[in-house]
Amino acid sequence: MLQFLKTQVYYPVLDLLFPKYCIACETLISAEAGFLCLSCKHTLPYTDMEKMEENVAQIRMLTKLPVQFAASLLYFIDAGMVRAMLHKLKYHNRPEIGVYLGELLGQKFSAQAWFRSVDAIVPVPLHAAKKAKRGYNQSECIAEGIANYSHKPILANVIKRTRNTSSQTDKSRKERMDNVADAFALRRAKQIEGKHILLVDDVLTTGATLASCGSSILKEANCTLSIATVAIAYH
Ligand SMILES: [Zn+2]
């Protein structure tokens, strides 16, 4: 009976009261559809990098940081569906989108041995002032999704952002590196000692932020570092 109500009555009523839209293309979807319309769900631009020893994310990070593995889940294309989803996550108060994307990442990456050997997830921190303004850290939301799927612990307070850096988007590669240099400080080195840490962020562009955060970790803790991002952008 309950099932009947849910499918025959409840969802149509929900659709009327709370119309729901695909987070990538804005098409109206039914209350039971989750986050994406069927078309977007089946055309997400997966990179499959998690399966490749030599991938663009890995190569980009290795020029700056000795990582064990690096992979991004989706291609970020200007005006594309991934950009639309991440924009909502960061600027439209939609933390649940981060959790959803993290779950997609966890689900795909869990098949890989390098990912299974990860001991804990560390989201790239936001500066306290920026986090207070946004209300949440999008990387923590993504980490939460990865943890939901993989049951790995999240260590959100081991590293801190000590400088409130300005936006990276309008800067050159050199300016990006300078902008985030020494922006992070490791607080609880003991918690990650000897562990394989997965450093998580929303987008990998030049890798300057991830490299700065990662080197602060590797400088003071004897651990292994891998990197996972929801998207990778050309730069
Ligand atoms: Zn859609």
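How many residues does helix H11 have, and what does it reach from its first C-alpha to its last? The structure is a predicted model, in which local features need pLDDT of at least 70 and side-chain atom pairs count only at pLDDT 80 or more, while totals for chains, interfaces and linings use all residues. Residues are numbered from 1 along each chain as its sequence is written.

Helix H11 spans residues 208–220, with 13 residues, and reaches 19 Å, close to the 18 Å expected at 1.5 Å a residue. Helices are DSSP runs of H or I with at least four residues, numbered from the N terminus; the expected span is 1.5 Å times one less than the number of residues. Among the buried residues of H11 are Leu210, Cys213 and Ile217; a residue is buried if 20 or more other C-beta atoms, placed from the backbone, lie within 10 Å of its own.

Gly102 lies in helix H5 and is buried, with 30 other C-beta atoms within 10 Å. Beyond four places in sequence, Gly102 touches Cys141, Ile142, Ala143, Glu144, Gly145 and Ile146. The C-alpha atoms of Gly102 and Ala228 are separated by 9.8 Å, with the two residues 126 residues apart along the chain.

Terms used
Helix = DSSP H or I, 4+ residues; strand = E, 2+ residues; numbered from the N terminus. Buried ≥ 20, exposed ≤ 12 C-beta atoms within 10 Å, placed from the backbone. Contact = placed C-beta atoms within 7 Å.
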